[in-house]
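Hi,

Here is the structure I promised to pass on.

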Amino acid sequence: MFRSTELAMKGQNIDVASSPSFPLLISELEDGISKAGTADNLFETIGREAFVELLRNTCPSLFNAIEITKEELDTGKGFTVLTNTGVDTLQPELAKAVSITIGAQYGTPTRTDKSLSRIVWAIHNDDESTLQKTFSQTMNEVSFHTDTQYFEKPEQYFGLFCVT
């Protein structure tokens, strides 16, 4: 079920992953990834506006629900929760593309991973890594921070997709 905080307060639910149009979005993203190689490359190739239009044209109910959540972010509680986006059932690169598609509705996704220049990456404990670990590779508590404190203009919004 997709739910913004405002929609939840009104008792309305929009089930995104099982909606008839969700498979069309997935098909379009799969096609794009097959041509671009990765979700990040697809975003670099077609840009934010193409991702916005892709969602508007393939999943209008999700597009409209996200429009409502934008107002909630700026004038309401300052956060919104989207559930059942389907990313937990998809191959990793396709899940990244869905994440980028949703993120593009709120603004321009940026490559905040300094070392690999990625837009989206998995946050998980990595006990196997011999490299210096980042916050996203440990189970350790971290202090309050922003991932883009080193940017001249840090992002207005931050998206975190939690998959269980």
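Predicted model: local features only at pLDDT ≥ 70, side-chain atom pairs only at ≥ 80, totals over all residues.

The expected span of a helix is 1.5 Å times one less than its number of residues.

Helix α4 covers residues 60-75, so its 16 residues should span 22 Å. Its end C-alpha atoms sit 23 Å apart, which agrees with that.

Which residues of α4 are buried? They are L62, F63, A65, I66, T69, E72 and L73. Looking down the axis of α4, the buried residues fall within an arc of 165°, so they line one face of the helix. On the face turned away from that buried side you'll find E71 and T75, which are exposed.

Next, the neighbour. Helix α3 (residues 39-58) packs against α4 at an angle of about 120°, and the two axes are 5 Å apart. Angles that are not roughly parallel, antiparallel or perpendicular count as oblique, so α3 is oblique to α4. On the α3 side, the contact is made by V52, L55, R56, N57 and T58; α4 contributes P60, L62, F63 and I66. Of those α4 residues, L62, F63 and I66 are also on the buried list above.

One last thing, on the aromatics. A search of the whole structure turned up one aromatic pair. The partners are F43 and F51, with 5.5 Å centre to centre and 45° between the planes, which makes the pair tilted. Buried means under 20% relative accessible area; F43 is at 8%, so it is buried, and F51 is buried too, at 1%.

Cheers

Notes: Residues numbered from 1 in each chain as written. Heavy atoms only, no water. Phe/Tyr/Trp six-rings, centres within 6.5 Å; stacked < 30°, edge-to-face > 60°. Buried < 20%, exposed > 50% of the residue type's maximum accessible area, 1.4 Å probe, protein only. Helix = DSSP H or I, 4+ residues; strand = E, 2+ residues; numbered from the N terminus. Arc of directions from axis to C-beta. Axes fitted to C-alpha atoms, helices over the stretch in contact; angles between N-to-C directions. Parallel < 35°, antiparallel > 145°, perpendicular 65-115°, else oblique. Contact = heavy atoms within 4.5 Å.
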